[in-house]
Amino acid sequence: MAREQVKRKKAVEPAEIPRGALLRDGKIVPNDSWIILNDIDGAPEGADVAVSITRFKAERDALLARNSGRLGVVIAAGEAVEEIAADAERFSLIFVQFPAFRDGRGFTTARLLRERYGYKGELRASGDVLEDQVFYMLRCGFDAFELIAADPEAAFARASRTFTEAYQYTGDAFVPAHRKRARRKIPE
């Protein structure tokens, strides 16, 4: 029921989504070169730009033909990642938006991009990204975060080592706890 309620919510405009401090490898990035364009602004020459899925689909050939600057895409909560799957490797950055802390659809988007579509570029969690989510986001394949915290680096350090065991499979190196327990029960 709750999932259905989240899907029916009015779409949140990118300008309304909060943005925290940008972290890569747990360190604050002071100058982010990426510009998120709305669906009508022109792309500045030589700039690293990210566009919505809607704009990418409408202007795909022109955006891919740009001679300078990198291209990224913004995936809003609830948008189908399958719409850009064939072009995923062409993006240097994919923003996955979390309009609200309780909206977990971005976790699925990240796993699909990494595990099913083999995306290797930067995958950035953007929006209402809190310390409590970081460990799980790392497990799903995120490698950059716009973290909302008073001390983002300290929050990231705490969150990234919150747990030493995991219960679910993902594309990371964690062996689920139930598998470890089963191995210990088998006499060697």
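These legends walk through several close-up views of a predicted model.

Local features are given where pLDDT is at least 70, side-chain atom pairs count only at pLDDT 80 or more, and totals for chains, interfaces and linings use all residues. Residues are numbered from 1 along each chain as its sequence is written, and side-chain values use heavy atoms, with hydrogens and water left out.

**View 1. The whole chain, for orientation.**
The protein chain has 6 helices and 8 strands, where helices (H or I, at least four residues) and strands (E, at least two) are DSSP runs numbered from the N terminus. Of the 188 residues, 39% are buried, a word used here for under 20% relative accessible area, with over 50% called exposed and values in between partly exposed (1.4 Å probe, protein chains only). The chain exposes about 10,800 Å², with carbon and sulfur atoms supplying 52% of that area; areas come from the Shrake-Rupley method with a 1.4 Å probe, and for residues only the protein chains shown count as cover.

**View 2**
The 8 strands line up as β2-β1-β8-β7-β6-β5-β4-β3 in an open sheet with mixed pairing. Strands β2 (27-28) and β3 (34-36) each have a single partner strand, so one side of each is left without a neighbour in the sheet. Two strands pair if DSSP finds at least two bridges between them. Strand β1 (residues 21-24) meets β2 in the antiparallel sense over 2 bridges, and here Leu23 stands opposite Ile28 in β2.

β5 pairs with β6 in the parallel sense over 4 bridges, and Val74 stands opposite Phe95 in β6. Strand β7 (residues 122-129) also runs parallel to β6, joined by 6 bridges; in this pairing Phe95 stands opposite Arg124 in β7.

**View 2. The crossover through helix α3.**
Together, β6, helix α3 (residues 105-116) and β7 make a right-handed β-α-β unit. Right-handed means that, with the strands pointing away from the viewer, the path from the first strand over the helix to the second runs clockwise. Helix α3 lies across β5, β6 and β7, at about 160° to β6. Axes are lines fitted to C-alpha atoms, for helices over the stretch in contact (heavy atoms within 4.5 Å), and angles run from 0 to 180 degrees between N-to-C directions.

**View 3. Aromatic rings.**
The structure holds 6 aromatic pairs. Rings of Phe, Tyr and Trp (its six-membered ring) pair if their centres lie within 6.5 Å; planes under 30 degrees apart count as stacked, over 60 as edge-to-face and the rest as tilted. One of the pairs is Phe56 with Phe91, edge-to-face at 4.9 Å centre to centre and 70° between the planes. The two partners are 35 residues apart, Phe56 in helix α2 (residues 53-64) and Phe91 in the loop between β5 (71-75) and β6 (93-98). Phe56 is buried at 2% relative accessible area, and Phe91 is buried at 3%. Phe142 and Phe145 form a tilted pair, with centres 6.5 Å apart and planes at 45°. Ring pairs also link Phe98, Phe107, Phe142, Phe145 and Phe156 into a cluster.
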